[in-house]
Amino acid sequence: HYKGLQHAGDMVYNNCTFNGQVFLYGESETFNGCTFNQENSAYYNVWTYGAKEVAFNGCTFNSAGKSVLIYSDQPGQVNDVKVVNCQLNASNKVAGKAAFEMDSSIQSDITLTIDAATTATGFDNGNVSGNSLWNNKKGNDDDANNDITVVVAGETVLEPIYEAQIEDKKFRNLEDAFAAVTDNTTLIIFEGEYDNALSINKSNVTV
């Protein structure tokens with residue numbers, strides 16, 4: 001239904017209650033001690049949608065099987081979502097749906113960071129992740145959905161698939177890596193199959 005405060009800048013909500021599904025549009029949106037209630041298993045508590053940076057601190061999510069969808073249909077959209085000391089409760093399971101669902105098939109990047117104090121109770125395991133807390137619901141095997149990073153309790157449990165590296169910078173496709181090569185460069189190519197011919201016109205390059 002796309003209900004939310006559009007054309008918003010930096011939003012902060014303290015001790016608010018949200019009934020139904022809310023969409024986020026702000027440059028950043030921070031929720032402190034808020035409660036989200038949803039009784040319909042067809043809907044989430046929150047779509048992060050247009051918000052670039054989102055923080056949930058000490059919040060409670062009561063849902064009917066899925067709580068937060070991190071997804072946008074806008075190419076180039078980036079979502080950075082941080083979750084601290086939150087409790088997510090599902091009254092029933094929705095098949096294949098975890099508490100946090102993610103889809104980066106259209107937008108650019110998703111980063112989800114969840115601390116060790118956050119819990120999810122009553123959710124099904126995600127259809128791809130096999131985890132009830134988070135799910136990259138369209139997989140992470142190709143460029144169409146290869147832009148998701150998930151960190152749980154300080155451990156990176158999912159990250160994009162990289163094809164090459166120059167010094168500390170990793171590249172998701174070999175074409176971008178070759179374009180970044182300069183003289184006296186060491187290019188590391190990770191294991192994989194490449195169909196297109198690529199060339200390097202630089203001196204003293206190690207591959």
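**Aromatic pairs and strand pairing**

Mentor: This is a predicted model. Trp47 has a relative accessibility of 15%, so Trp47 counts as buried.

Trainee: Is Tyr2 buried, exposed or partly exposed?
Mentor: The class follows from the relative accessible area, where buried means under 20% and exposed over 50%. Tyr2 has a relative accessible area of 40%, so the residue is partly exposed.

Trainee: How many aromatic pairs are there, and which kind of pair do Tyr2 and Trp47 form?
Mentor: The count of aromatic pairs comes to 17. The ring centres of Tyr2 and Trp47 are 6.3 Å apart, with planes at 75°. Planes over 60 degrees apart count as edge-to-face, so the pair of Tyr2 and Trp47 is edge-to-face.

Trainee: How many residues apart in sequence are the parts that Tyr2 and Trp47 tie together?
Mentor: Tyr2 is in the segment before β1, and Trp47 is in strand β6 (residues 46-47). The pair therefore ties together parts whose separation in sequence is 45 residues.

Trainee: Which residues form one aromatic cluster with Tyr2 and Trp47?
Mentor: The cluster includes Tyr2 and Trp47.

Trainee: Which residue of β9 stands opposite Trp47?
Mentor: β6 and strand β9 (residues 68-71) are paired in the parallel sense over two bridges. Opposite Trp47, β9 places Leu69.

Trainee: What is the strand order of the open sheet of five strands, and which strands stand at its edges?
Mentor: The order is β3-β6-β9-β12-β15, and the pairing is parallel. An edge strand here has a single partner strand, so one side is left without a neighbour in the sheet; this applies to β3 (22-23) and β15 (134-136).

Trainee: What kind of pair do Phe36 and Phe61 form?
Mentor: At 15% relative accessibility, Trp47 was counted as buried. For Phe36 and Phe61, the ring centres are 4.7 Å apart and the planes are at 5°. Planes under 30 degrees apart count as stacked, so Phe36 and Phe61 are stacked.

Trainee: In which strands do Phe36 and Phe61 lie?
Mentor: The pair ties together parts that are 25 residues apart in sequence, because Phe36 lies in strand β5 and Phe61 in strand β8.

Trainee: Are Phe36 and Phe61 buried or exposed?
Mentor: Phe36 has a relative accessible area of 0%. Phe61 also has 0% relative accessibility. Buried means under 20%, so Phe36 is buried and Phe61 is buried.

Trainee: Which residues make up the covered face of strand β8?
Mentor: In a regular strand the side chains alternate between the two faces of the sheet. Strand β8 (residues 60-63) has Thr60 and Asn62 on its uncovered face. The covered face holds Phe61 and Ser63.

Trainee: Which residue of β8 stands opposite Thr35, and which residue of β11 is the bridge partner of Asn62?
Mentor: Strand β5 (residues 35-37) runs parallel to β8 and is joined to it by three bridges. β8 also pairs with strand β11 (residues 87-90), in the parallel sense over four bridges. Thr35 is opposite Thr60, and the bridge partner of Asn62 is Asn89.

Trainee: What is the order of the seven strands in the other open sheet?
Mentor: The pairing in this sheet is mixed, and the order is β1-β4-β7-β10-β13-β16-β17. Its edge strands, each pairing on one side only, are β1 (10-14) and β17 (155-158).

Trainee: Which residue of β7 stands opposite Asn32?
Mentor: Strand β4 (residues 28-32) pairs with strand β7 (residues 53-57) in the parallel sense over five bridges. The residue opposite Asn32 is Asn57.

Trainee: Which backbone oxygen does the side chain of Gln165 reach?
Mentor: Gln165 lies in strand β18 (residues 164-166) and, at 17% relative accessibility, counts as buried. At 2.7 Å its side chain reaches the backbone oxygen of Glu167.

Trainee: Is Glu167 buried or exposed?
Mentor: Glu167 lies in the loop between β18 and β19 (169-171). Glu167 has a positive phi of about 55° although it is not a glycine. Its relative accessibility is 70%, so Glu167 counts as exposed.

Methods
Residues numbered from 1 in each chain as written. Predicted model: local features only at pLDDT ≥ 70, side-chain atom pairs only at ≥ 80, totals over all residues. Heavy atoms only, no water. Buried < 20%, exposed > 50% of the residue type's maximum accessible area, 1.4 Å probe, protein only. Polar contact = N/O pair within 3.5 Å; in protein donor to acceptor, adjacent residues only side chain to side chain. Pairing = 2+ DSSP bridges. Phe/Tyr/Trp six-rings, centres within 6.5 Å; stacked < 30°, edge-to-face > 60°.
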